Amino acid sequence: MIRPMAVLCGAALVAGLAACGGEPERKPLPSGIVMHVDQTRLERMTRHVFVRVENNTERRLTVTGFVLTSPRFKQVTWKGDESMAAGEQADLEFTMPAGRCGDGVKASVRLTYRLGDSAERVSVGKADDPYRQIALMLGRDCARTTLAKAAKLTVGTPTIDGSGPDSVLRLPITLTPTGKRDDVRFGGFESTPLFRQADDSPVGVDQPISSTQKTQLVMSVVPARCDPHALAEDKVGRLFGMRVMAPGLPDDSWFYLPLDHDQREAFYAYFHTSCGV
């Protein structure tokens, strides 16, 4: 005797539908669902990023999971229950894994979702990087790991030369060679919206990193502007780019100089005393 449940399961399989506890049905991604991978300016000091899902269909979309893959980083898996009406969008947040060297992002998303009253289904689609923020993050990862193969980077304690508007903040940096690479070079420091590199700070240089002895560097900065709004509205003013050059790296490779809490606070304290605000 054939049980009714077995008949239902067989019919579901013939129809190509998920049933009886099996995997969600695979479907082509509806043309109205668009995906991006991005990061907000507020999170630039972190690795908090998101897959933005736009629901441009005419039905409610409920996302219950995704798997994000790229040649540039390890696979990311997200699970949840995010619902959006037609015309809405949702940012599904995750922590970006460390990136590998390479070009672009080439992200693919395996999306698990329900559309309207449909059963759960799975579709695969591309996620673009509309503002290149993810590609820039992965490029910074590549520059940082390239430098790490050649030398250990140590950031010292900031000091201030002079007083008031004529003062300069100086940050000592040491590169201790690992002996693993001898073809990596230091390319200089970059300014930020809040601080600019002083005249005696290394900018646009091409300095080999010794494979046998420590390299001592000093980044010297002064305020780029002193109006109170500059500090109150600042989001990226302490993200100093450190340029790295090596065979195989793009010409504009750099990463954010790693600063701990006390070092970051020292920059803000210096801004107050130098600008008198």
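1. A word on terms before we start: a residue counts as buried under 20% relative accessible area, as exposed over 50%, and as partly exposed in between. Cys101, with a relative accessible area of 46%, is therefore partly exposed. Please keep in mind that this is a predicted model.

2. How many disulfides does the structure hold? There are 2. For anyone new to the term, a disulfide is a covalent bond between the sulfur atoms of two cysteines.

3. Let us take Cys101 and its partner. Cys101 is joined to Cys142 by a disulfide, with 2.0 Å from S to S. This pair links distant parts of the chain, 41 residues apart: Cys101 sits in the loop between strand S6 (89–95) and strand S7 (107–115), while Cys142 belongs to helix H2 (residues 133–150). The link of Cys101 and Cys142 is right-handed, with 95° about the S-S bond.

4. Is Cys142 buried or exposed? Cys142 has 5% relative accessibility, so it counts as buried.

5. The sulfur atoms of Cys226 and Cys275 lie 2.0 Å apart and form a disulfide. Here too, distant parts of the chain are linked, 49 residues apart: Cys226 is in the loop between strand S15 (215–223) and helix H3 (228–232), and Cys275 is in helix H4 (residues 261–275). The link of Cys226 and Cys275 is left-handed, with -65° about the S-S bond.

6. Finally, the accessibility of this pair. Cys226 counts as partly exposed at 36% relative accessibility, whereas Cys275 is buried, with a relative accessible area of 16%.

Methods:
Residues numbered from 1 in each chain as written. Predicted model: local features only at pLDDT ≥ 70, side-chain atom pairs only at ≥ 80, totals over all residues. Heavy atoms only, no water. Disulfide = S-S within 2.5 Å. Helix = DSSP H or I, 4+ residues; strand = E, 2+ residues; numbered from the N terminus. Buried < 20%, exposed > 50% of the residue type's maximum accessible area, 1.4 Å probe, protein only.
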